[in-house]
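Please work through the exercises below with the sequence and the coordinates at hand. Each task is followed by a stepwise solution.

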Amino acid sequence: WELADADDNTKSDGLLGVALGAASDLNGMLLRGIVTLDHDAGSIGDPLYLTTTAGDASATSPAGNGNIVRIIGYKIFHATQKQIWFNPDSTFVEVSA
């Protein structure tokens, strides 16, 4: 496993998961479901995207030339809970600016 990054198509176009602890080989990876992030990624109902900060998600899609735009889930609870429905879409678009 490596951190997903919208700057690098080799780190954003394949299988995605969320680490469930500090060590993915011990704590496991979530491939789909509800998970709590370490940051607030948007407002309730927002689609969430990979970002150009490795390992982050945001309600703002990346817009730089060569960036990969891929929906990874949806924000489901308010900011203090930081929970999302993680359900990465298998399709993605490369920005050509």
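Predicted model: local features only at pLDDT ≥ 70, side-chain atom pairs only at ≥ 80, totals over all residues.

**Exercise 1. Determine the strand order of the open sheet and identify its edges.**

Solution. 
1. The open sheet comprises 5 strands, and their order is S3-S8-S7-S4-S5, with antiparallel pairing.
2. S3 and strand S5 (57–58) stand at the edges; each has a single partner strand, so one side of each lacks a neighbour in the sheet.
3. S3 pairs with S8 in the antiparallel sense over 4 bridges.
4. S8 is also paired with S7, again antiparallel, over 3 bridges.
5. S7 and S4 run antiparallel and are joined by 3 bridges.

**Exercise 2. Which residues stand opposite Trp85 of S8, and what is the bridge partner of Tyr49 in S7?**

Solution. 
1. In the pairing of S3 with S8, Ile34 stands opposite Trp85.
2. In the pairing of S7 with S8, Tyr74 stands opposite Trp85.
3. For Tyr49, the bridge partner in S7 is Ile71.

**Exercise 3. Locate Asp40, classify its exposure as buried, partly exposed or exposed, and describe its spatial relations to other residues.**

Solution. 
1. Asp40 belongs to the loop between strand S3 (33–36) and strand S4 (47–50).
2. The relative accessibility of Asp40 is 38%. Buried requires under 20% and exposed over 50%, so Asp40 counts as partly exposed.
3. The side chain of Asp40 forms a polar contact with the side chain of Lys75, at 2.3 Å.

**Exercise 4. Characterise the largest pocket by its volume, lining and residue classes.**

Solution. 
1. The space in the largest pocket amounts to about 610 Å³.
2. Its lining consists of 28 residues; Leu3, Ala4, Gly17, Val18 and Gly55 lie nearest the centre of the pocket.
3. Strand S1 (18–19), S3 and S8 each contribute at least two residues to this lining.
4. By class, the lining contains 15 nonpolar, 8 polar and 5 charged residues.

Conventions:
Residues numbered from 1 in each chain as written. Heavy atoms only, no water. Buried < 20%, exposed > 50% of the residue type's maximum accessible area, 1.4 Å probe, protein only. Polar contact = N/O pair within 3.5 Å; in protein donor to acceptor, adjacent residues only side chain to side chain. 1 Å grid on protein atoms, 1.4 Å probe; cavity = no way out; pocket = protein on both sides within 12 Å on 5 of 7 lines; lining within 4 Å. Points joined across faces, edges and corners; volume = space filled by probe spheres on them. Nonpolar A, V, L, I, M, F, W, Y, C, P; charged D, E, K, R; others polar. Pairing = 2+ DSSP bridges.
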